[in-house]
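A short report on them is wanted.

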Amino acid sequence: MSNVTKNSNGVYVVPAIASAIIPGLGQLIKGHFSKAVLFFLIGVAWSIFSFIVTWIPLVGWVLGPILWLINVGDALLNANEK
C-alpha cells in the first residue's frame, strides 16, 4: 500500500471520496479486494431493493444513508493494512 492515499493524519481521503461516489471503490484503491466486492454488492442490492420496494420509507431514507456512511467511513478510517 502506498502512502499516496493516506494523509498526514492517517486517514484516507481519496479512497473515502471514491467510495462516496461508487461503493467499494475506496476499499479497492486501498487494496482490500474482498471488502470492495462486498461493499459494491451491498450497494447494488440496496439500490435494487429500494427501487422495487419504494413504498417503505425506512429502506430509502434510513437504511440507505446508514449503509453509505458505513462504506465511506470504512474507506476513510480503516487502517488495516494487507
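**Basis.** This is a predicted model, in which local features need pLDDT of at least 70, side-chain atom pairs count only at pLDDT 80 or more, and totals for chains, interfaces and linings use all residues. Residues are numbered from 1 along each chain as its sequence is written, and side-chain values use heavy atoms, with hydrogens and water left out.

**Overall fold.** The protein has four helices and zero strands. Read from the N terminus, the order is α-α-α-α. Helices here are DSSP runs of H or I with at least four residues, strands are E runs of at least two, and numbering starts at the N terminus. Of the 82 residues, 29% are buried. Buried means under 20% relative accessible area, exposed means over 50%, and partly exposed lies in between, with a 1.4 Å probe and protein chains only. The accessible surface is about 5400 Å², and carbon and sulfur atoms hold 77% of it. Areas come from the Shrake-Rupley method with a 1.4 Å probe, and for residues only the protein chains shown count as cover. Among contacts with a separation of 6 or more, 54% join residues 24 or more positions apart. A contact means heavy atoms within 4.5 Å.

**The largest pocket.** How much space lies in the largest pocket? About 160 Å³. A pocket is an open set of points on a 1 Å grid over the protein atoms alone, where a 1.4 Å probe fits, with protein on both sides within 12 Å along at least five of seven lines; lining residues have an atom within 4 Å of a point. The volume is the space filled by probe spheres set on the points, which are joined across faces, edges and corners. The lining includes Pro23, Phe39, Trp46 and Asn71. Helix 3 (33-52) and helix 4 (57-77) each supply at least two lining residues. Helix 4 gives the largest share, five residues. By type, the lining has seven nonpolar, three polar and no charged residues. Ala, Val, Leu, Ile, Met, Phe, Trp, Tyr, Cys and Pro count as nonpolar, Asp, Glu, Lys and Arg as charged, and the others, Gly among them, as polar.

The table gives their relative accessible areas.

| Residue | Relative accessible area |
|---|---|
| Gln27 | 0% |
| Ala36 | 6% |
| Asp74 | 15% |

Gln27 lies in helix 2 (residues 25-30). Its side chain reaches the backbone oxygen of Asn71 at 3.2 Å. Beyond four places in sequence, Gln27 is in contact with residues including Ser19, His32, Ala36 and Asp74.

Ala36 is in helix 3.

Asp74 belongs to helix 4. With neighbours within four places left aside, Asp74 is in contact with Gln27, Lys30, Lys35 and Phe39. Asp74 and Tyr12 are 62 residues apart in sequence, and their C-alpha atoms are 9.5 Å apart.

Conventions. Polar contact = N/O pair within 3.5 Å; in protein donor to acceptor, adjacent residues only side chain to side chain.
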